[in-house]
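Student: I have a model open and a list of labels for it. Can we test each label against its cut-off?

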Amino acid sequence: MIARDFHKNLDAFLAGFCYKERAITLKVWVLTLEKHEEVLVALRQIIRAIDLHSKKLKKECGLTGPQLILMKAIKDMGDVTIRELSNSTNISQATATTIIDRLEAQHYVQRIRSQKDKRKVHAVLTEKGKEVLKDSPLPLQDSFVQKFQRLESWEQTLLLSSIQRISLMMNADDLDAAPMLQLDSNISKN
């Protein structure tokens, strides 16, 4: 009963503590949980971290995670078609098109017809887009990837296997997902 109430009020429970005290308090509290509850708390922490980073990103530079990822891909790839962007970022072509539409409306990206093949349209960053990108924080998955790659190979495999099993147990293994840490509700609003 206490554990269920805590799950409902996790944010309110921790709101009065500083960060270090939160971690200590949470660790002490987790010791009283059953294993499945510990997993659920960890999943909730991951979801919360993604949400907080998304809000920080939006506040600091006015971009969503997928917008930032597409703009970084355009910067790295140069003049690029939407299909090429979609393939390199694992974002569906329809979603990438919608995101590019919004970035174009904000004057961060512009579409330019190819000089070599008039059927192709390339996305390029505008000067305003380059400025916003220069001042923007890293996407959350970049930090994760750096830390993950520092792990030993066996530990990477163990984590991958565990998270794939969790995905399977939550009936999420067949869902289409891009390799980015962003809540889907924010992807569709891009």
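This is a predicted model: local features need pLDDT of at least 70, side-chain atom pairs count only at pLDDT 80 or more; totals for chains, interfaces and linings use all residues.

Student: Why is Asn90 called partly exposed?

Tutor: Buried means under 20%, and exposed means over 50%. The 48% of Asn90 falls in between, so the label is partly exposed. Asn90 is in the loop between α6 and α7. Its phi is near 60°, a positive value in a residue other than glycine.

Student: What makes His107 exposed?

Tutor: His107 has a relative accessible area of 53%. The cut-off for exposed is over 50%, so His107 qualifies. His107 also sits in a loop, the one between α7 and β2. Its phi is positive too, at about 65°, although His107 is not a glycine.

Student: Why does His53 count as buried?

Tutor: Its relative accessibility is 16%. His53 lies in helix α4.

Student: What does His53 touch, leaving aside neighbours within four places in sequence?

Tutor: Leu138, Pro139 and Leu140. For each of these, contact means heavy atoms within 4.5 Å.

Student: Now the sheet. How do you know that β1 and β3 pair?

Tutor: Pairing needs at least two bridges between the strands. β1 and β3 (residues 121-125) have two, in the antiparallel sense, so they pair.

Student: What makes β1 and β2 edge strands?

Tutor: The open sheet has three strands in the order β1-β3-β2, with antiparallel pairing. β1 (80-81) and β2 (109-113) each have a single partner strand, so one side of each lacks a neighbour in the sheet.

Student: Which helix lies across β1, β2 and β3?

Tutor: Helix α5 (residues 65-77), running at about 100° to β3.

Student: Which element gives the most to the largest nonpolar core?

Tutor: The core has 22 residues. Those touching the most other members are Leu63, Met71, Ile74, Leu85, Ile100, Leu103 and Val109. Elements that each supply at least two residues include α4 (35-61), α6 (82-89), α7 (93-105) and α8 (127-135). α5 gives the most, with five residues.

Student: Which residues does Met71 touch, not counting those up to four places away in sequence?

Tutor: Leu63, Leu103, Tyr108, Val109, Leu125, Gly129 and Leu133.

Note on methods
Residues are numbered from 1 along each chain as its sequence is written. Side-chain values use heavy atoms; hydrogens and water are left out. Helices (H or I, at least four residues) and strands (E, at least two) are DSSP runs, numbered from the N terminus. Axes are lines fitted to C-alpha atoms, for helices over the stretch in contact, and angles run from 0 to 180 degrees between N-to-C directions. A nonpolar core is a set of buried Ala, Val, Leu, Ile, Met, Phe, Trp, Tyr and Cys residues joined through side-chain atoms within 4.5 Å. Buried means under 20% relative accessible area, exposed over 50%, partly exposed in between (1.4 Å probe, protein chains only).
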